[in-house]
Amino acid sequence: NLGAVKPLIKSDLQKAILQVEISSKLAQQALDELSTLINTLRPVQLGDQSLPDALREYVKVWQKQSGVSVVFRVDGIESGIGQEAEQSLYRVIQEALSNISRHSRATAASVFLTFTSDHLTLQISDNGIGFNKALVKQGLGLHSMEERVKELNGTLQMNTSSSGTTITIMIPSEGRE
């Protein structure tokens, strides 16, 4: 785009200015996507934080970056889930929220984490445009989410319509250790 500006400067200054503005927006978009990618690839460091506390922080940052309003709720008492399970669930939520910001055109989302004695349920919803599962090539994001859940002996259910998408994940107690 910037290469096209040079010859336009002498012949059509308005078109050249428009081309520079378009290039600037594309560069900002690329920078935003690169920042998101770097944050996503960074190793999960929950440290001394519990999974709900780490998610609460992540959701706040994501909400600010994406402009999508998020309701985050934790129900039940967190039973000791292993560090690997926590990291996997954290990554699943990162991927789901990333998909919401990139594809859904949502204005609102929710992340609900529910602990019971025999399972953990994670539900991520948005009010976006949904998608047709048959027409959408399954990307790496959805595939990696399914793999992570499967490794925890869990199930992943996805419901999508023109009024939004809901992903429900259930991890049995024995899969969480």
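Which residues does T165 touch, not counting residues up to four places away in sequence?

1. First, the ground rules. This is a predicted model, where local features need pLDDT of at least 70 and side-chain atom pairs count only at pLDDT 80 or more, while totals for chains, interfaces and linings use all residues. Residues are numbered from 1 along each chain as its sequence is written, and side-chain values use heavy atoms, with hydrogens and water left out.

2. Now T165. Its contacts (heavy atoms within 4.5 Å) are I124, S125, D126, G130, F131, M158, N159 and T160, once residues up to four places away in sequence are set aside. T165 sits in strand β5, residues 164-172; strands here are DSSP runs of E, at least two residues, and helices are runs of H or I, at least four residues, both numbered from the N terminus. T165 counts as buried because its relative accessibility is 9%. The cut-offs are under 20% relative accessible area for buried, over 50% for exposed, and partly exposed in between, using a 1.4 Å probe and protein chains only.

3. T165 also has a polar partner: its side chain makes a polar contact with the side chain of T160, at 2.8 Å. A polar contact here is a pair of N or O atoms within 3.5 Å; within protein, one must be able to donate a hydrogen and the other to accept it, and residues adjacent in sequence count only if both atoms are side-chain atoms.

4. Stay in strand β5 for T168. At a relative accessible area of 16%, T168 is buried. Its side chain makes a polar contact with that of Q123, at 3.2 Å. Leaving out neighbours within four places in sequence, T168 is in contact with T121, L122, Q123, T155, L156 and Q157.

5. On to strand pairing, which needs at least two DSSP bridges between two strands. Strand β2 (residues 108-115) pairs with β1 (residues 69-75) in the parallel sense over seven bridges. With β3 (residues 119-126), β2 pairs in the antiparallel sense, over seven bridges. There, T114 stands opposite T121 of β3, and a hairpin of three residues joins β2 to β3. Six of the eight residues of β2 are buried, so this strand is largely enclosed by the rest of the structure.

6. How many salt bridges are there? The count comes to three, taking a salt bridge as a side-chain nitrogen of Lys or Arg within 4 Å of a carboxyl oxygen of Asp or Glu. One joins R56 and D53, at 3.1 Å from N to O. These two are separated by about one helical turn, because they are three residues apart in helix α3 (residues 51-66). Both ends are partly exposed, R56 at 36% and D53 at 37%.

7. Another salt bridge links D75 to R73, at 3.0 Å from N to O. D75 is partly exposed at 29%, and R73 is partly exposed at 39%. E95 forms a salt bridge with R102, their closest N and O atoms being 3.3 Å apart. Here E95 is buried, at 15% relative accessibility, whereas R102 is partly exposed at 49%.

8. Last, have a look at G3 in helix α1, residues 2-11. With 60% relative accessibility, G3 counts as exposed. G3 and Q19 are 16 residues apart in sequence, and their C-alpha atoms are 9.7 Å apart in space.
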